[in-house]
Amino acid sequence: MTIPHGMPDTDADPFRERSAPAFSVRKAILGADFRFDSASAALLQVVETAYAGLPPHRLPVTAPELHIELRLLPRRAAPPGAEPLPVRTQSGAGLLCGVMDASNYVVLAPAQRQALVVTSEDMLDQPYHLRYELVEFAVFTLATRVLGLVPLHGACVGRQGRGVLLLGESGAGKSTLALHSLLHGLDFLAEDAVFVQPDTLLATGVANYLHVQADTLHHVGDQVARHWLDCSPRIHRRSGVEKCEADLRQGPGKLAAAPLDLVGAVFVSAEEAGDADVLLGPVRLGDAVARLRANQSYAATQPGWDRFEQQLIRRGVHELRRGHHPRDAVAALHGLLDGVH
């Protein structure tokens, strides 16, 4: 069979093994050295947008090199603006997979320290879903598995190398507290995903974006900060909640320059404190173990969980109820970080 000039020989290369990536970028993320390769400049721009300008965190281990290839497929015949399908996960034969549809999926081989991210051109119109559910899925999962980190759903702030882990149910106010911590002098490490080395309790994260609801703005008095949040794009979570997606690299405050040594964890509560002067209180040992495991059901199945849990319990687990203003809660975190609580 003669292949017309300019047409791909799909029979000769059905797996696209000879479509060598034309571009490459490197980023230091979560204590690892990532190399991103792609034939698509647009996909590598997504990587730049997500990870450029972040503090290059290093953990006390040799930083491994992890490789992610990004491949762009033609646009699908999908309704304009339609929300992508949720990612479904699967594993087997040493591979981890996250699949939206036949044109948008991630395949990871942690033992080989590699991942393939495949996406269609229409996903470039959905940058939030592309970054968060495909690219970050690959980055976070590879780093977690190769470095043996405990992946936590939560936030983390700190000062002078010490950090506090912020946990709680959705809607409890973790992101709002993280925002006001940033605006009131604490270093910002992460807002949604924190990764902890179980033997040292050093925490790292990706401080690229902060997601807060618009009604958070009425507690923000600083005009520069209000302008920063007002001008941020709006994204829609799959829950239907609309949030501001504020780029932390362009806003006020300070990002944590290095991993933070956790002094403990705080469960953020939506309940008002009975005593406005006492917002922070200890969680009893048995309750702390149960709450940690219930709140972090995925992390609790990971190999390093037991060591992480034992050390964190020794350092302290607390509950933080709401005061009259978010800055009251920030003051309580200052006290915890200073050893006064």
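Trainee: What should I know before I start?
Mentor: It is a predicted model, where local features need pLDDT of at least 70, side-chain atom pairs count only at pLDDT 80 or more, and totals for chains, interfaces and linings use all residues. Residues are numbered from 1 along each chain as its sequence is written, and side-chain values use heavy atoms, with hydrogens and water left out.

Trainee: Which residues touch the most other members in the largest nonpolar core?
Mentor: Ile29, Phe34, Phe36, Tyr51, Ile68, Leu70 and Val139, out of 38 residues. A nonpolar core is a set of buried Ala, Val, Leu, Ile, Met, Phe, Trp, Tyr and Cys residues joined through side-chain atoms within 4.5 Å. Buried means under 20% relative accessible area, with exposed over 50% and partly exposed in between (1.4 Å probe, protein chains only).

Trainee: Which helix gives the most to this core?
Mentor: Helix α2, residues 127-147, with 9 residues. Helices (H or I, at least four residues) and strands (E, at least two) are DSSP runs, numbered from the N terminus.

Trainee: And what other core lies apart from it?
Mentor: One of 35 residues, including Leu182 and Val220.

Trainee: Back to Ile29. What is isoleucine 29 in contact with?
Mentor: Leaving aside neighbours within four places in sequence, Phe34, Phe36, Tyr51, Val139 and Val206. Contact means heavy atoms within 4.5 Å.

Trainee: New topic. In what order do the 3 strands of the open sheet run?
Mentor: β14-β16-β15, with antiparallel pairing. Two strands pair if DSSP finds at least two bridges between them. β14 (209-212) and β15 (234-236) are the edge strands. The twist averages 35° from one strand to the next.

Trainee: How many bridges join β14 and β16?
Mentor: They pair over 4 bridges. Valine 212 stands opposite cysteine 244 in β16.

Trainee: Which helix packs on the sheet?
Mentor: α4, residues 223-230, touching β14, β15 and β16. Its direction makes about 115° with that of β16. Axes are lines fitted to C-alpha atoms, for helices over the stretch in contact, and angles run from 0 to 180 degrees between N-to-C directions.

Trainee: How many residues of α3 are buried?
Mentor: 8 of the 10 in residues 174-183. Among them are Lys174, Leu177 and His180. Glycine 185 follows α3, with a positive phi near 95°.

Trainee: Last one. Why does valine 196 count as buried?
Mentor: Because valine 196 has 0% relative accessibility. Valine 196 is found in strand β12, residues 193-197. Beyond its neighbours within four places in sequence, valine 196 is in contact with residues including Leu149, Leu262 and Phe308.
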